[in-house]
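Q: Can you walk me through this one? I'd like to start with a pocket and then look at some helix packing.

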Amino acid sequence: MGSSTDRKRKLDLADDAKKQNKTLDARQSSGINPWTGKAYSSRYQSILQTRLKLPVYKFQSELLEAVADNQIVVIEGETGSGKTTQIPQFLVEIGYATPGKSCVGCTQPRRVAATSIATRVAEEMDVTLGKTVGYTIRFEDISDPNETVLKFLTDGMLLREAMSDPFLSRYSCIVLDEAHERTLATDVLMGLLMEVLPKRKKGSKHGELKVVVMSATLDAEKFQAYFGGAPLMKVPGRTFPVEVFYTAEPERNYLEAATRTAIQIHQCEGPGDILVFLTGEQEIEQACEEIRLGAQDMGKDASELVVYPLYSSLPPAQQRKIFSAAPGPKVVGGKPGRKVVVSTNIAETSLTIDGIVYVIDPGFSKQKVYNPRIRVESLLVSPISRASARQRSGRAGRTRPGKCFRLYTEQSFHNDLQETTYPEILRSKMSNVVLTLKKLGIDDLVHFDFMDPPAPETLMRALEVLNYLGALDDEGDMTDLGRQMAELPLDPQLSKMLICSPDYNCSDEIVSIVASMSVPQIFLRPRENAKAADEAKAQFVDNTSDHITLLNAYATYEEIPQAERRDWCWNNFINDRSISSAESVKKQLKGIMRRLDIPLVTCRGANGSFDTNAIRMALTSAMYMQTAYLQSAGNYLTVKDNQIVYVHPGSSIDSKPQWVVFEEFALTSKNYIRTVTTTRGEWLVEMAPHYFDLENFPECEAKDELMLEYKKLARRMTR
């Protein structure tokens, strides 16, 4: 732990830097790490030489002076400038953090970035990850309140911290990184900081709060205007020229074109690693497999090719493989091997992978889209913006001149792509955000300082949903139930389900289901082994509920001895990474449930079977707004919104029940509902008469059926 003398030395160095335009590099002259009290390692000295060459070091004193003189500073730093890893360290070194008292927080839009950057910075500072440097992501906190002085966390987790600490008093400085991505949580966090900053000026009870807003590319004037004319600093990158190639004609299948291009580069181009951008886990895993097979087909004489996937649900150990060096030549004097990284758009700005010389850009990413009229939020594969395309191509010029292969036409780049990505806040449902803001004591949502205010209709839908769930009363004030729901890091419907589950004696089962739904797909179905995968899944299937099918798989996994679990997953086509993550999520949720005094009870009988009716009732109690009714034509119609939908072919439900509740609405070749459970009309009218109010119900076949259920209910009540 650093002494007060160390802290004073740092502040003295800061004054030197300010007055004489010197950098803080002299801090290493003693050879003793002030955070550990031990001598710096040889690895630290090696890394330091690389760090000192980063462009951001030339702006160190100018940056620290700007932060000292202003509460908010905006930094536009190009790819390769070193801003993400170095600027938070500058702030710690200058004295903005004291163990156990204050901390520098650095937010990232994505979990992968938060964990990998924290790991890298811990190495650079020569400290143990989780002590001096830590990270916090949903369901995982690798930090120490008594020791951590630099914490990397997702912007959503900082919002959650603000619920229990509205002044963010733990932090003396907050760095908002990748602000240009304009994620939903980032926009809300910026609005929240605009409320907090006036209350944390110099001399205030909680001390002054500094904010540094960083971005690779941003609409500088818009950001400066939003932050009250904050000073803007531009830090150049360290890039080489990149030659951009377009296709002559649009590609019919971008996934096939991407894998083909990667193999052609390996065959025909000079040394250098390849970065391929795709939209999600399934595509990425398929492309990795096809690239590996393509490399094998080249024969034994071809140079070695290794392929690594990168997406948010990969465990940290596998994510770190992307930083491995490419393989060397197979024989002395032979052609060096090559590394291919197949990634989501996380690799656009958040992560820097050295050695990349070739980039393959199909021009797509997955984007969340919300339609408030039919209350449907879907992940859709959408064209990227021109700003994203430029970011992607820039990844090829980090270490030497590179090449970017855009799998679309030049005309399409100029005419079809938007200049910047549409902010997520304008295309997302807002129920979680509204609940968070209400918990933070912000009631005037219309005048909350959003950089881009969401549509009034979207806000009204969010208030309506929270009112139906009982989180807000008819005046829009938060209820006790709403306060409990806000404590759970889940969608409001899942929070309500968890809180109400003890009423049906199945909270242990519901927490297992919620944990399993909070991780990527648990059941694997590889194309080449689809039949075997379906047979393996059949042993867990409950033909009344996809949720209970998930529960059956998870409950069986829990009973398998630890040493045998990996083999069991392999033999049963279960995603080992996902189900072990679900176990971790369940542990975290149970901890929150204990804190909220939510009883943990089970509906499992002595024979090991579950009371499936109790579980389906608990699911219905929170999901009744996502109900569909079987039409005489054989399709389903969503209740109230009258959208024609079909149960997804991958569902466990083998019949056509009259009523179903569903978790997800997927817009693909048809309007599919996924993760479906059968329910009953009588449960719906008993649990949610305020929602199934026939006076305000659209004309449809479901209305007639509900009328019968209400009559039955009335007869039961008069007996």
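**Pocket and helix contacts**

Q: Which helices each supply at least two residues of the lining of the second largest pocket?
A: Helix H2 (42-51), helix H4 (83-96) and helix H5 (111-125). Helices here are DSSP runs of H or I, at least four residues, numbered from the N terminus. Keep in mind that this is a predicted model, where local features need pLDDT of at least 70 and side-chain atom pairs count only at pLDDT 80 or more, while totals for chains, interfaces and linings use all residues. Residues are numbered from 1 along each chain as its sequence is written, and side-chain values use heavy atoms, with hydrogens and water left out.

Q: Which helix gives the most to that pocket's lining?
A: H5, with six residues.

Q: And how many residues line that pocket?
A: The second largest pocket has 41 lining residues, and Thr85, Arg120, Phe323, Thr352 and Asp354 lie nearest its centre. A pocket is an open set of points on a 1 Å grid over the protein atoms alone, where a 1.4 Å probe fits, with protein on both sides within 12 Å along at least five of seven lines; lining residues have an atom within 4 Å of a point.

Q: What's the lining like by class?
A: Ten nonpolar, 16 polar and 15 charged residues. Ala, Val, Leu, Ile, Met, Phe, Trp, Tyr, Cys and Pro count as nonpolar, Asp, Glu, Lys and Arg as charged, and the others, Gly among them, as polar.

Q: OK, helix packing. How do H6 and H7 cross?
A: The axes of H6 (residues 155-164) and H7 (residues 184-196) come within 8 Å and cross at roughly 40°. Axes are lines fitted to C-alpha atoms over the stretch in contact, with angles from 0 to 180 degrees between N-to-C directions. That makes H6 oblique to H7: under 35 degrees is roughly parallel, over 145 roughly antiparallel, 65 to 115 roughly perpendicular, and the rest oblique.

Q: Which residues make the contact?
A: From H6, Asp155, Gly156, Leu158, Leu159 and Ala162; from H7, Ala185, Thr186, Val188, Leu189 and Leu192. Contact means heavy atoms within 4.5 Å.

Q: What about H19 and H24?
A: H19 (residues 507-517) packs on H24 (residues 612-623) at about 60°, with the axes 10 Å apart, which makes H19 oblique to H24. H19 brings Glu509, Ile510 and Ile513, and H24 brings Ile615, Ala618 and Leu619. Five of these are nonpolar, none polar and one charged.

Q: Last pair: at what angle do H21 and H23 cross?
A: Roughly 85°, with the axes of H21 (residues 546-559) and H23 (residues 576-595) coming within 11 Å. H21 and H23 are therefore roughly perpendicular. Ala553, Tyr554, Tyr557 and Glu558 of H21 meet Ile579, Ser580, Ala582, Glu583 and Lys586 of H23.
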